[in-house]
Amino acid sequence: MSSVEIDRSLIGQASEAYWVEVEKGAIRKFAEAIGDPDERYRDEAAAQRAGLKTIIAPPTFPVTFRAPEEPIWTRLLDRRRILAGGQTFEYERPIYAGDRLQCRVHFTAVEDKVGRSGRMELLHQEIRGSDADGALVFVHRRTTVYREPPQQRGK
């Protein structure tokens, strides 16, 4: 099967580093938005009773860590053909309010698939976040589905 359009020569590339400052208010708003009642995301005392230094972010919080620029490997893709795929999160430690994290988006792989609506490519990326000392804090893996153009589907 030929490539739908993702430039595979860019696999292995990473975006420029960008910094994210994790704020208590952002954590609280995110926890409310996803409907998670865990008090460790809202209440400093509850977090400390749980043995944490301060409130922590919910596990899916890194979805809010947007790079300031679109990565080169997705810049020219037709947005009408993009669907969200799966995502996973891996942690070395919790994300704390007050953290300053250096993040990079990494282009890790492309897979070809054929579904009922035609050919597609699965674009695999990772956002890796490290603390100010350079220690890895999290890896957010995500898959984006890039479908073939409508006029080519079913051929």
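Tutor: Accessible areas here come from the Shrake-Rupley method with a 1.4 Å probe, and for residues only the protein chains shown count as cover. This is a predicted model, in which local features need pLDDT of at least 70 and side-chain atom pairs count only at pLDDT 80 or more, while totals for chains, interfaces and linings use all residues. Residues are numbered from 1 along each chain as its sequence is written, and side-chain values use heavy atoms, without hydrogens and water.

Student: How much accessible surface does the chain have, and what share belongs to carbon and sulfur atoms?

Tutor: The accessible surface is about 8900 Å², and carbon and sulfur atoms hold 48% of that.

Student: Why is Thr-88 called partly exposed?

Tutor: Buried means under 20% relative accessible area, exposed means over 50%, and partly exposed is in between (1.4 Å probe, protein chains only). Thr-88 has a relative accessible area of 44%, so the residue is partly exposed. Across the chain, 38% of the 155 residues count as buried.

Student: What makes Val-139 a contact of Thr-88?

Tutor: Contact means heavy atoms within 4.5 Å. Leaving aside neighbours within four places in sequence, Thr-88 is in contact with Val-139, His-140 and Arg-141.

Student: Which element holds Thr-88?

Tutor: Thr-88 sits in strand β2, residues 82–91. Helices (H or I, at least four residues) and strands (E, at least two) are DSSP runs, numbered from the N terminus. The chain has 2 helices and 5 strands, in the order β-α-α-β-β-β-β from the N terminus.
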